[in-house]
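The sequence and structure are shown first.

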Amino acid sequence: MSKVFVFDHPLIQHKLTYIRDKSTGTKEFRELVDEVSALMAFEITRNLPTQEVTIETPVGKATSKTIAGKKLGLVPILRAGLGMVDGILRMIPAAKVGHVGLYRDPETLKPVEYYVKLPNDVNERELIVIDPMLATGGSAIDAITSIKRRGATSIKLMCLVAAPEGVAAVQIAHPDVDIYLAAMDEKLNEKGYIVPGLGDAGDRLFGTK
C-alpha cells in the first residue's frame, strides 16, 4: 500500500490558511499556491539520492554532492495543476513538464480525458503528478493510469488538500504511488467537494466561475 505524507511545516500551514480563506482574491490566491508548491517541492525531494563530486571553489578543491538517480518530471493535471508548476520549477528547474487534460463530468463526477502530452523519456524519470485537489480521486487515478500506459514506472502524487475518500481510492487503484499533501481534510460532501476544502481551485486560480 502506498504511503501518505502530510506536510506540517509551519510555513506551508500558514500559507494554506490564506489559500482556504474565501476572502483571498485571485492574485493573492495564485501567489500563495505558487509559494506553497515551492515549499512542498522542497519536502517531496527530501530523500532524493545524491552522489559525491569533486569541484574547484575559488579557494580550492571541495568534495560536494549532486542529485543522482532518475531525472525528474512534472505532470500537472489540467487545468488547476498548472497553478502549482512554476513554484515547483523554481526548486527543480531542470525537470521536464508534461500535461494531462481531464475534466469532471458534472453529472457522473467521472473524469474525462481530452489531452495527454508527456516527455519522451517518462520511463527514465521520477514523475510528480500535480493537482491542488484530491477529492473523489477519479482524476488522479485516470491521470496516473494514462501515464503508466505510456511507460512511466516511478510516480508520486502531490496535492494541496485531499479528502480521505480520494486518498483511499488512489491507494487501491495505484498502491505503488505515494501521496504528498499539505492537508488531509474531513470528507466529501454530497456534490463531491472537499470539506472544508478551499473551493474550486481552478476557478480561484484563474478568476472563473
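A residue is called buried when its relative accessible area is under 20%, exposed when that area is over 50%, and partly exposed in between. The model is predicted. The count of aromatic pairs comes to two, and Phe5, Phe7 and Tyr180 form one aromatic cluster.

**The stacked pair**
- Phe5 and Tyr180 form a stacked aromatic pair, with 4.8 Å centre to centre and 15 degrees between the planes.
- This pair links distant parts of the chain, as Phe5 belongs to strand S1 (residues 4-6) and Tyr180 to strand S11 (residues 178-184), 175 residues apart.

**The tilted pair**
- The ring centres of Phe7 and Tyr180 are 6.0 Å apart and their planes lie at 35 degrees, so this pair is tilted.
- Phe7 lies in the loop between S1 and helix H1 (10-20), whereas Tyr180 lies in strand S11, so the pair ties together parts that are 173 residues apart in sequence.
- Phe7 is buried, since its relative accessible area is 8%.

Notes. Residues are numbered from 1 along each chain as its sequence is written. This is a predicted model: local features need pLDDT of at least 70, side-chain atom pairs count only at pLDDT 80 or more; totals for chains, interfaces and linings use all residues. Side-chain values use heavy atoms; hydrogens and water are left out. Rings of Phe, Tyr and Trp (its six-membered ring) pair if their centres lie within 6.5 Å; planes under 30 degrees apart count as stacked, over 60 as edge-to-face and the rest as tilted. Helices (H or I, at least four residues) and strands (E, at least two) are DSSP runs, numbered from the N terminus. Buried means under 20% relative accessible area, exposed over 50%, partly exposed in between (1.4 Å probe, protein chains only).
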